[in-house]
Amino acid sequence: MASDSSLPPPKRQRASGILESYGCSSSEDDDNGSGDSSDESRSSEQPSGTLEGVSPRVCKALGAFRRHFDKEAKLHGSQILGLADEASDADLLSSKPLVELLKILRHHRGFGFNLVEYVPVARVARLILKHKSTGLLLDVVEAARDPDAEEKDKLVARWLALGPEVVAFARKVKSFARSNCDELPRE
């Protein structure tokens, strides 16, 4: 299968290493002017050091979210699997309940984020936030309500590691879904 030239080339990274190092350096995530780049503002499970293929824009939004809302939040999905493009959102797993994140958001006037949508009635409830300085959408779910998310990422990573034709196919499916999202079922 030929690669779609309208999509960026797939990110090259060993499938086994994708999930072990999906943190971002603190120098790219401080956008509040506080100068707080302490180790406490990052999750211990996601070490610092920029992940190959994760954009500085995503690192900045992730760092701000960790600093203000949940220092244990984890990036997952297309951003760490190498399937994201400039139009992609960033999927986050939060260790905190969404209602707690909403309280923080309202009490502190957003901390540089706007509430786009709160979807409490879904298979997995979610909070869609927009990071003001980057324009990036964050799709936040409670890790406890989607306990298989990281295993699903590992499965997809193993699948993508089978070869470039699999990555090209995955990108075509993603492009089709994005182009036809209004006609596709929401469930």
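Buried means under 20% relative accessible area, exposed means over 50%, and partly exposed lies in between (1.4 Å probe, protein chains only). The model is predicted, so local features need pLDDT of at least 70, side-chain atom pairs count only at pLDDT 80 or more, and totals for chains, interfaces and linings use all residues. Residues are numbered from 1 along each chain as its sequence is written, and side-chain values use heavy atoms, leaving out hydrogens and water.

**Exercise 1.** Find how many salt bridges the structure holds.

Solution. Start with the term: a side-chain nitrogen of Lys or Arg lies within 4 Å of a carboxyl oxygen of Asp or Glu. The structure holds 8 such salt bridges.

**Exercise 2.** Describe the salt bridge between Asp139 and Arg126.

Solution. First, the distance: their closest N and O atoms are 2.9 Å apart. Next, the location: Asp139 sits in strand β5 (residues 137–142) and Arg126 in strand β4 (residues 126–131), so the pair links distant parts of the chain, 13 residues apart. Strands are DSSP runs of E, at least two residues, and helices are runs of H or I, at least four, numbered from the N terminus.

**Exercise 3.** Work out how Lys154 and Glu151 are placed in their helix.

Solution. The two form a salt bridge, with closest N and O atoms 3.5 Å apart. Both belong to helix α5 (residues 149–160), and because they are 3 residues apart, about one helical turn separates them. Lys154 is partly exposed at 34%, and Glu151 is partly exposed at 47%.
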